[in-house]
Amino acid sequence: MRSLLRVVVAALVAFLVGLPRPGAAAAIDESFADACKRWSALSLQGPSRPVTDLRLVSGHLTLELKRGSAALVLAGSDVVGIFFVGQGSLEYLTEDAVERPIVSYNVKKNTSLTEVARDKALVLGDTVREVLWLAQGVALPALTGEGTGQPLDTAFTEHLQRYGRIRETPPAQQFAAWLQNGQGQPLQRGEIVASSDDLVFLSDPVDARSELLASTREVKELDNRLYLTTLSEQPLGRARRDPVAPRVILADADIAVTASAGKDVSLTVKETYTAVSGRTGVLLLNLYDSLYGRSNQDLRHLKVKSVIDDSGAWLPFHHERDSLAVELATPIQQGMTAKLRFEIEGDILYRPEGDSYWELGVEPWFPQPEMGGQYCTIHTTVKVPKPFVPFVPGKTVRRVEEGELNVLETRLDKPVQFMVILAGKYAFKEETKDGVTVRIASYAGKNDLAMAKLLNLTRKIITYYEGFLGPFPFDEFNVVEINDLGYGQAPPAFMFITKEAFNPIGDDINELFSKGINERFAHEIAHQYWGHVVKMPTHEEQWLTEAFAEVSAGQVIRDLRGKSDFKGLVAVWKNRARQATEIAPIPLANRVANKSNRYAAWSARTYLLYAKGPWVLNSIREQIGDQAFLVFLASCQSTFRWKFGNTPTVQAVLEAVTKQDWKAFFDAYYWGTEMPQK
Ligand SMILES: [Zn+2]
């Protein structure tokens with residue numbers, strides 16, 4: 001963290017110690033960096049007190065701390081929480097019918113919590129033996145026990161270490177940012193050690209606008225890092241069906257990448273943020289600080305050297321656990337912008353299996369907000385040592401050689417999410433027709449035949465989609481071979497596709513995968529419409545990209561390959577949908593987790609988004625007919641053109657197209673776990 005120039009007013013009020021000042025907000029003119037420092041070094045205030053029958057209640061969570069010892073927790077000299085060790089119990093209630101199936105599944109597959117139905121609610125319960133409760137903007141219960149409890153220092157240190165392994169926004173960042181961003185609202189976090197699970201509770205009424213109950217899971221092959229599994233997430237002050245609006249959007253980025261011939265890279269990223277709601281003094285962004293290559297022997301790092309705003313001020317920042325918090329010189333409110341320049345260095349040019357390429361993928365390799373805040377036009381310049389050839393989304397401004405370097409400059413003038421860059425030993429072929437350049441890049445040697453074939457296939461599919469989804473959304477489209485098998489991915493103006501697409505005739509493995517190539521190609525190209533023209537604001541709206549891309553691919557298969565292939569595809573959707581439908585409703589597919597059987601969780605999620613979603617859309621097609629269905633898809637495109645989509649509006653579009661009420665249909669099959677029969 002950078003040193004600070006600001007006067008720390010908080011220090012002046014800090015002598016008011018001794019008495020707990022429950023939930024007292026620190027002076028707002030305390031700098032973020034100082035607040036973050038205080039919150040990064042939590043301590044216990046004096047000896048603990050005995051506790052009997054202390055209740056901690058927040059939203060749907062009740063903790064009964066029956067007996068044990070507790071001490072007040074300090075951030076600097078402010079009392080910010082309570083640490084308890086002893087015997088207690090937890091009760092958490094979910095009243096949300098939409099999430100109920102997946103709450104039940106995740107609790108069973110990931111925890112030893114009990115669940116009991118009570119009226120229309122589900123009650124989760126367990127015993128509790130340790131709690132760290134942190135709160136801002138809301139009173140803490142007083143510790144009134146007489147005398148001294150057991151020493152808690154060791155338990156407290158161990159607790160902080162254990163929970164500190166969770167890869168999420170560190171509580172220090174979250175609470176310190178809250179002082180400036182929280183608008184006086186309460187923020188509460190419980191770290192609860194239950195009978196055999198470590199739980200996290202978070203009540204955030206401003207940003208997430210939800211209350212979350214999660215359990216931790218350890219990933220052994222990543223150095224025992226901990227990740228959170230959502231058990232329940234209930235909306236606060238909003239309807240579940242409405243996506244949460246971000247506080248800021250990243251509106252423009254100018255990215256300069258200088259790659260070494262090895263694994264080092266340096267980035268200069270100029271970003272423009274626009275405030276959407278609230279008052280933002282601290283930007284909470286995502287940016288890798290460390291990541292693994294293939295194994296946990298291969299830890300890579302990304303380091304922020306500086307953040308400077310457009311007035312030349314050096315901004316304090318805090319970068320930890322893939323979260324980057326930046327304090328703005330002046331807070332921004334609705335419509336205001338902040339322009340920042342980041343200098344970043346790292347050794348993250350990872351070459352899979354020692355291959356001759358690297359990819360800066362859809363993960364946060366440059367500073368960016370959550371996906372609902374990614375809405376940016378991008379200018380990019382990439383310099384890579386020869387013989388590597390770079391590929392970047394956007395219209396080519398120049399592709400030149402500068403001495404030992406290959407240089408590519410591009411511009412994306414449409415707002416996008418999921419920006420990527422790739423460079424490696426590639427050859428490519430490109431062709432411009434009707435204003436769209438299609439570029440096919442093959443890995444490790446020129447594969448003329450495959451490139452010509454794929455160029456033709458890509459062009460055919462684009463022309464087909466243009467017939468009902470509108471003009472192809474980008475000036476250039478890159479199809480880039482990945483030296484692996486069995487998948488495709490669709491960043492903006494891009495398709496990564498594994499090598500069997502380039503070698504359709506070959507060994508048995510290629511034979512196996514190539515059957516799906518046409519379908520996969522059609523699916524990935526459809527993402528330029530479903531994913532980039534129509535964007536998903538949150539993971540809960542992912543069917544807008546996956547199910548709509550898949551059902552559009554289905555149309556390609558039917559009309560360009562034949563009815564029997566299409567029938568086969570629909571049968572696969574139905575069969576897979578059936579296997580997953582009871583686990584979760586489509587919007588909560590991304591929550592599915594299974595500690596002892598990760599494949600089961602992976603397939604359930606996949607089947608919900610890529611099979612049940614298309615099956616539901618196909619059922620709409622069956623009911624309204626081909627023509628009206630194409631009008632429906634086209635209307636979704638025009639309604640959400642270059643915007644974030646959402647399912648309530650999709651339903652409204654369908655109702656406008658068909659002049660029918662579709663509420664019961666969406667309630668049962670999208671928000672619920674039922675299967676349309678046809
Ligand atoms: Zn997809």
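**Salt bridges in the predicted model**

A network of salt bridges links Arg558, Asp559, Arg621, Glu622, Asp626 and Lys678. The model is a predicted one. Its salt bridges number 37. Side chains of opposite charge can pair when their charged atoms come close.

Arginine 621 has a relative accessible area of 9%. The residue is therefore buried, since buried means under 20%. Glutamate 622 has a relative accessible area of 40% and is partly exposed.

A further salt bridge joins arginine 398 to glutamate 409, with 2.6 Å between the closest N and O atoms. The pair links distant parts of the chain, its members being 11 residues apart. Arginine 398 belongs to strand 21 (residues 395-402). Glutamate 409 belongs to strand 22 (residues 405-416). Arginine 398 is partly exposed, at 30% relative accessible area. Glutamate 409 has a relative accessible area of 13%, so this residue is buried.

Arginine 189 and glutamate 191 form another salt bridge. Here the closest N and O atoms are 2.8 Å apart. Both arginine 189 and glutamate 191 are buried.

Key. Residues numbered from 1 in each chain as written. Predicted model: local features only at pLDDT ≥ 70, side-chain atom pairs only at ≥ 80, totals over all residues. Heavy atoms only, no water. Salt bridge = Lys/Arg side-chain N within 4 Å of Asp/Glu carboxyl O. Buried < 20%, exposed > 50% of the residue type's maximum accessible area, 1.4 Å probe, protein only. Helix = DSSP H or I, 4+ residues; strand = E, 2+ residues; numbered from the N terminus.
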